[in-house]
Amino acid sequence: MCIRVPRPMPAPVDRRLVVVTGKGGTGKSTISAAVALAAARRGKKVLVCEVVAKERVADLFGRPPSGTEIRQLLPNLYSVHVRPREAMREYALMILKYETLYRLAFENAAARYFLTAAPSLAEIVMLGKVFWHAARETERGRLRWDMVVLDAPATGHGLTFLSVPEVFLRLVSEGPLARDMRLMQALLADPERCSICIVTLPEEMPANEAIELDRALRQRQFPAGPLFLNAAFESRFSPQEVASVTRGGPLLTAAGEAADNHESRAALCRHYEGVLRDTVPRRLVKVPFLFERNFGAQAIDKVSHAIEGAL
Amino acid sequence: MKPLEGRKIVCCVGSGGVGKTTTAAALALSAAMEGKRALVLTIDPARRLANSLGLKALGNAETLIDPSHLAEAKLTVRGEMWAMMLNLKRSWDELVRRNARTAEQAQAILDNKLYQTLSTAMAGSLEYIAMEKVLELYSSGRFDVVVLDTPPTSNALDFLHAPDRVLDVLDNNAMRIVLGPMLKAGRFGLRLLAAPSGLVLRTLARFTGSDFLRDLAAFMMAFEGMYEGFKERAANVKALLSSPQTGFVLVTSPNPLTTQEALFFHRALERDGIRTAAVVVNRVQRDPRRHGGPDNLAALREALQLAQIKDENRLAERLCETLTEQAILADLDRREVERLRDTLRGVPLFTVPRLRKDVHDLAGLWQIGEYLGGE
């Protein structure tokens, strides 16, 4: 009989691809930027790939948008915006070799139709591009990036995004795209090289979506990374304190309301934290709410320190 | 809501998580209370709305909210309150069955691999079927107003251009020509074995293999003869979107990301010649400073002393910090609301304050409804 001793999984910071998913508006870009920053601080060379319509990460670091060219944001920290049209073109040219052939095949009405009908071709080429970055080597045969952080689209689309290889391979089994999708599928399923994180908020819909997303991801056996509970409020006043300040007369009306507001948000946060801990078998990492008039590099730095322990 | 008076169809649009479903339900409830037969059509699969309406679950059919349940919440509804949850796949299947010439044709489509992907995953497919359903409900004459809670992931363009996109997928001349030989083989009862020919087709086949192109040809063939019916429906859907009887309500939170999205939607509507009927900003932080009173540490200490509250465990400091934080939140929210107001000059704007709890019941919906009343 052979007893297999499970090897300890590498920490998320040591994996090649970290995917950050979650509902829209939960702070995926913030967490992506903070994960990248924490890794870069530890000496990793990190690339953040953004695949949504509008890139945000460079802006969070107070830098001009990177666009489709890789740009350095900080020492060891780079970002790139992966767009479907450019990714498609690059990809097609890689296979077809000739610009004229590309134009003929892809820049006509039939091909536009084909691009709509082919299952998520836009997502496929974008995911293919991210994969290309993650697998890219330098001339000396070493990996170009220690870590690639993928800031994935919002939940519904995010899950579709990660399932793209599977869906595509169901419909298409031959050709160069199918070959690449198989490699991508293997990387996404490998807990040694990949970690899929979820970002959520202490609110009903984001929490519910995180629960559903977690279930769907585990069903498909994607390697489970941490669950980030973003914008968390910690309790600060006892119920007696809130009651006495609230009853403390007109001079304390504002303070009483503020304390009461704070505690009601902390209570909601506690509630959803409990629900999430009960239903989502992942490491839960709380990211405190930041009261910033301008959310930028400083805020990202704070968040990166808050999550460091989880990486 | 005043700006919605006389509208038969209300579309609540905006990014996910801004309270669209709740706003849609609150608007329908207000209309019902005013004596209208109102229906809220939601896409939100969470049972939250069903629960808050006192139902176990919502199905793909219209359900009347029990008046006794409304009465329990101390709401006097002069009209009728209906709700329904759209099931994407089932609605598409129904649409195909209704439009197919024969049962065999319907089955051929339903079994097609590509149909299954396209009906559920294609951009705009959810939006299209939602509007199609609205059209159906509206034409039935059973409702005075239909409020649509649009899909959370949709962006403006998916929504407005959904009819065109769907039509384009069902019948695309260019693709028809390219697939020509494959389609012909199929029409004469031959199996679709013809290899992709022609340079374009052969090049495309290098990416996806020829099986996929065969599926595509089979898909187009299966729809043969149904196109005209679909075209007519889609034209009606399109006309309905831009009809003066339809009002678009932009729903947003004071978060800059979601207000940007709302503005984007507004501009997309404008380009299509549609005016935004109203904007709703949910969860706006109230400014505790509106009450006046001390907000610095020394003054807070003094106020505590006056009220004979012991300043234990740095209570004054904690209060001061909390006041400062909430003032920041209120300032940020105000800045965003003002920006919206400036940009959307002339569009009625409603704000709903951040409530202490999530809205879970009819009373909560009515509370929201009151913030949306009048102008």
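Asp93(B) counts as buried, at 11% relative accessibility, where buried means under 20% relative accessible area, exposed means over 50% and partly exposed lies in between (1.4 Å probe, protein chains only). The side chain of Asp93(B) meets that of Lys89(B) in a salt bridge with an N to O distance of 2.9 Å, a salt bridge being a side-chain nitrogen of Lys or Arg within 4 Å of a carboxyl oxygen of Asp or Glu. Lys89(B), at 37% relative accessibility, counts as partly exposed. Helices (H or I, at least four residues) and strands (E, at least two) are DSSP runs numbered from the N terminus.

This is a predicted model, in which local features need pLDDT of at least 70 and side-chain atom pairs count only at pLDDT 80 or more, while totals for chains, interfaces and linings use all residues. Residues are numbered from 1 along each chain as its sequence is written, chains are lettered from A and ligands numbered from 1 in the order in which they are written, and side-chain values use heavy atoms, with hydrogens and water left out.

## Salt bridges

Side chains of opposite charge can pair when their charged atoms come close. A search of the whole structure finds 39 salt bridges over all chains, and the table gives some of them.

| Pair | Closest N and O atoms |
|---|---|
| Glu257(A) and Arg290(B) | 2.8 Å |
| Glu321(B) and Arg236(A) | 3.5 Å |
| Arg301(B) and Glu317(B) | 3.9 Å |

The pair of Glu257(A) and Arg290(B) crosses between chains, from helix 11 (residues 253–279) of chain A to the loop between strand 7 (276–284) and helix 14 of chain B. Glu257(A) counts as buried at 18% relative accessibility, whereas Arg290(B) is partly exposed, with a relative accessible area of 45%.

A network of salt bridges links Glu94(B), Arg98(B), Glu132(B), Lys133(B), Glu136(B) and Arg233(B).

## The interface of chains A and B

Contact, meaning heavy atoms within 4.5 Å, joins 64 residues of chain B to 61 residues of chain A. The two chains bury about 5,700 Å² between them, 64% of it on carbon and sulfur atoms; buried area is the accessible area (1.4 Å probe) that two parts lose on being put together, summed over both. On the chain B side, Arg206(B), Phe207(B) and Arg356(B) lose the most area to chain A, together 13% of what that side buries.

Across this interface the rule finds 6 salt bridges. Between the two chains there are also 9 residue pairs in polar contact, both residues at pLDDT 80 or more. A polar contact is a pair of N or O atoms within 3.5 Å, where within protein one must be able to donate a hydrogen and the other to accept it, and residues adjacent in sequence count only if both atoms are side-chain atoms.

Several helices of chain B each supply at least two residues of the side that touches chain A, among them helix 8 (156–170), helix 13 (256–271) and helix 15 (315–343). Helix 11 of chain B gives the most to that side, with 15 residues.

Over all chains the count comes to 8 aromatic pairs, in which rings of Phe, Tyr and Trp (its six-membered ring) have centres within 6.5 Å, with planes under 30 degrees apart counted as stacked, over 60 as edge-to-face and the rest as tilted. The rings of Phe233(A) and Phe291(A) have their centres 5.9 Å apart and their planes at 85°, so this pair is edge-to-face. The two residues are 58 residues apart and link distant parts of the chain. Ring pairs join Phe233(A), Phe289(A) and Phe291(A) into a cluster, and Phe233(A) is buried, with a relative accessible area of 7%.

His262(A), in helix 11 of chain A, counts as buried at 2% relative accessibility. Not counting residues up to four places away in sequence, His262(A) touches Phe233(A), Glu234(A) and Arg236(A), and also Thr322(B), Glu325(B) and Gln326(B).
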